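Here's a quick briefing on how this one packs together.

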Amino acid sequence: MYDELMEEQIVNKVGGRFKLSTLIQKRMVALNRGSRPLVEIQSKDAMEIVIREIMEDKIYLDNTGNLAIAADEGPDADGDDAGPSLEDL
């Protein structure tokens with residue numbers, strides 16, 4: 001039951017299942033291309049990283065459906081080597 005509640009919380013946070021699927025896919029591509037996680041987590045599992053980033057409001061889809069990173073969040077905010085930019089995706 002807890003998993004179902006957590007799933008619904010994530011779906012509602014993003015704005016629907018399609019948006020969630022799109023956000024996960026785009027962020028997974030960015031991570032696979034070398035982007036660094038925006039959360040501190042012991043796991044190397046990209047899905048766990050993405051879910052934590054969503055839950056901590058680090059990433060979202062902008063009005064045009066593109067992956068966006070919260071401007072003042074995480075190690076990427078100061079321009080450290082974070083891998084490809086969002087424009088490279």
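Helices here are DSSP runs of H or I with at least four residues, numbered from the N terminus. By that rule, I10 lies in helix α1. Keep in mind that this is a predicted model.

**The α2/α3 pair**

- Two packed helices are described by the angle between their axes and the distance between the axes.
- For α2 (residues 17-32) and α3 (residues 46-55), that gives an angle of about 120 degrees, with the axes 10 Å apart.
- Angles of 65 to 115 degrees count as roughly perpendicular and those over 145 as roughly antiparallel, so α2 and α3 end up oblique to each other.
- The handedness of the α2 and α3 crossing is right-handed.
- On the α2 side, the contact is made by L20, L23, I24, R27, M28 and L31, while α3 brings A46, M47, I49, V50, I51, E53 and I54.
- Sorted by class, that contact has 11 nonpolar residues, 2 charged ones and no polar ones.

**The nonpolar core**

- The largest nonpolar core holds 17 residues, and L20, L23, V50, I54 and I59 have the most contacts inside it.
- Two or more residues come from each of α1 (2-14), α2, α3 and β1 (59-61).
- Helix α2 gives the largest share of this core, with 5 residues.
- Leaving out residues up to four places away in sequence, I59 touches L23, R27, L38, V50, E53, I54, L67, A68 and I69.

- I10 has 8% relative accessibility, so I10 counts as buried.
- Beyond residues up to four places away in sequence, I10 touches L20, I51, I54 and M55.
- I10 and R52 sit 42 residues apart in sequence, yet their C-alpha atoms are 9.9 Å apart in space.

**T22, on α2**

- T22 is part of helix α2, and at 17% relative accessibility T22 counts as buried.
- If you skip residues up to four places away in sequence, T22 touches L61 and G65.

**E48, on α3**

- E48 has its place in helix α3, and with 40% relative accessibility E48 counts as partly exposed.
- Again not counting residues up to four places away in sequence, E48 touches I41 and S43.

Methods: Residues are numbered from 1 along each chain as its sequence is written. This is a predicted model: local features need pLDDT of at least 70, side-chain atom pairs count only at pLDDT 80 or more; totals for chains, interfaces and linings use all residues. Side-chain values use heavy atoms; hydrogens and water are left out. Axes are lines fitted to C-alpha atoms, for helices over the stretch in contact, and angles run from 0 to 180 degrees between N-to-C directions. Angles under 35 degrees count as roughly parallel, over 145 as roughly antiparallel, 65 to 115 as roughly perpendicular and the rest as oblique. A crossing is left-handed if the near helix is turned anticlockwise from the far one by less than a right angle, and right-handed if clockwise. Contact means heavy atoms within 4.5 Å. Ala, Val, Leu, Ile, Met, Phe, Trp, Tyr, Cys and Pro count as nonpolar, Asp, Glu, Lys and Arg as charged, and the others, Gly among them, as polar. Buried means under 20% relative accessible area, exposed over 50%, partly exposed in between (1.4 Å probe, protein chains only). A nonpolar core is a set of buried Ala, Val, Leu, Ile, Met, Phe, Trp, Tyr and Cys residues joined through side-chain atoms within 4.5 Å.
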